[in-house]
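Good morning, everyone, and thank you for making time for this. Please have a look at the structure on the screen, and then I will go through a few of its features.

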Amino acid sequence: MKISKGMFFLVVFSISPAFAGVTLKGTGSYLAVPLVQKWIEAYHPIHPDLILRYEIKNSTDGINQWLGHGAEFAATDTPLNPAEEKKANGRVLLHLPAAIEAVVITYNLPGIPTGLQLSPKALSGLFMGTIKKWNDPAIADANPGVKLPAMDVLVVHREEESALHDLFPEYLSRLDPQWTHKREKDKNLHWPVGQNIKGNPKIAEKMRIWPGMIAAVDYSYAVKNHLPMVKLRNQAGQYVGPSPESLAAATSDLLSLPEGFQVVLERSRTPEAYPLCSFAWLLVYQDTYKAYHDHKRGTALVDFLNWAFSDGQKWVGETGFVPLSEAFLSQVREKIKTIQY
């Protein structure tokens, strides 16, 4: 499916008593689209009276729309910061981790169809534009024995992924303070080099015809379309590629979710962990009635959440995400019980 900014994914169901006339709206992350879309499709036979829709934006715009009560939930790749939480005017916000998601770095290098390794310094330098040739020492040092071409680097980034709450821009901003230097009040990461291209399919199309290209795409899309994927150096100093096992490994040093559920998976020191991954969070108000003054909407939201974090989990792996452990899911379900509606 081709995704455009502001596009609505809308499913309208026939009318039956339980939630007749009720509409629930989610908004936010591009990265979460396959999972939320599948959940909407799979949930509708359970409550065919409910109207569910998801408006696709970058994570920051989705968060702001939700904070303004323009949606009942928001999907985001990163937790809210303190300034954003203040916009809730004292209302308690819940970060509900729904699955593990990832972004991969893909490339087109003649003679090197797979296995390229990049350190955090090299990755930042490539997208910052300070590394201009593929045989730069910062890349060569991580790839001993690989004959790298003296080819210009062609950087491409997705037009729809520039907000600092989107996974890849946020990851870069932690690698190097230059990404956000003197931009503390700016919600977007500014790409200093490269071309904007809209959507994963266009990225893949250009990848086939532009030697020297590098870009970031969704893990689920890269797997489905057999794109080459870079191994990134993690906090344990190991170069690890994305896979269901390496994404799950990013949570293996957590015995349980911390209070608030806000975890940066990139910081995992597990040697097998892939670093460019995150929880996909659903944001909801703990007191939905005070936020929306509508008991039926609150009841419908809690019903959907209870389903998503129980039966709905069987769809997670099929959409290219990695399911949470049952121990984590149990914690989330307990948190959902605190929602007042």
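This is a predicted model: local features need pLDDT of at least 70, side-chain atom pairs count only at pLDDT 80 or more; totals for chains, interfaces and linings use all residues.

The largest cavity here has a volume of about 80 Å³, where a cavity is a set of points, on a 1 Å grid over the protein atoms alone, at which a 1.4 Å probe fits but cannot get out, and the volume is the space filled by probe spheres set on those points, joined across faces, edges and corners. Residues are numbered from 1 along each chain as its sequence is written, and side-chain values use heavy atoms, with hydrogens and water left out.

Of the 13 residues lining the largest cavity, those closest to its centre are Asp-77, Glu-170, Arg-174, Val-264 and Ser-278, a lining residue being one with an atom within 4 Å of a point.

Let me turn to two helices, which are DSSP runs of H or I with at least four residues, numbered from the N terminus. Helix α1 (residues 33-43) and helix α11 (residues 295-308) pack at an angle of about 105°, their axes 11 Å apart, with axes being lines fitted to C-alpha atoms over the stretch in contact and angles running from 0 to 180 degrees between N-to-C directions. α1 and α11 are therefore roughly perpendicular to each other, a term that covers 65 to 115 degrees. In contact, meaning heavy atoms within 4.5 Å, Trp-39, Ala-42 and Tyr-43 of α1 meet Ala-300, Asp-303, Phe-304, Trp-307 and Ala-308 of α11.

Finally, the whole structure holds twelve aromatic pairs, that is, rings of Phe, Tyr and Trp (its six-membered ring) with centres within 6.5 Å. For Phe-168 and Trp-191, the ring centres are 6.1 Å apart and the planes lie at 25°, so this pair is stacked, as planes under 30 degrees apart are counted.

Notes:
On a 1 Å grid over the protein atoms alone, a cavity is a set of points where a 1.4 Å probe fits but cannot get out, and a pocket is an open set with protein on both sides within 12 Å along at least five of seven lines; lining residues have an atom within 4 Å of a point. Angles under 35 degrees count as roughly parallel, over 145 as roughly antiparallel, 65 to 115 as roughly perpendicular and the rest as oblique. Rings of Phe, Tyr and Trp (its six-membered ring) pair if their centres lie within 6.5 Å; planes under 30 degrees apart count as stacked, over 60 as edge-to-face and the rest as tilted.
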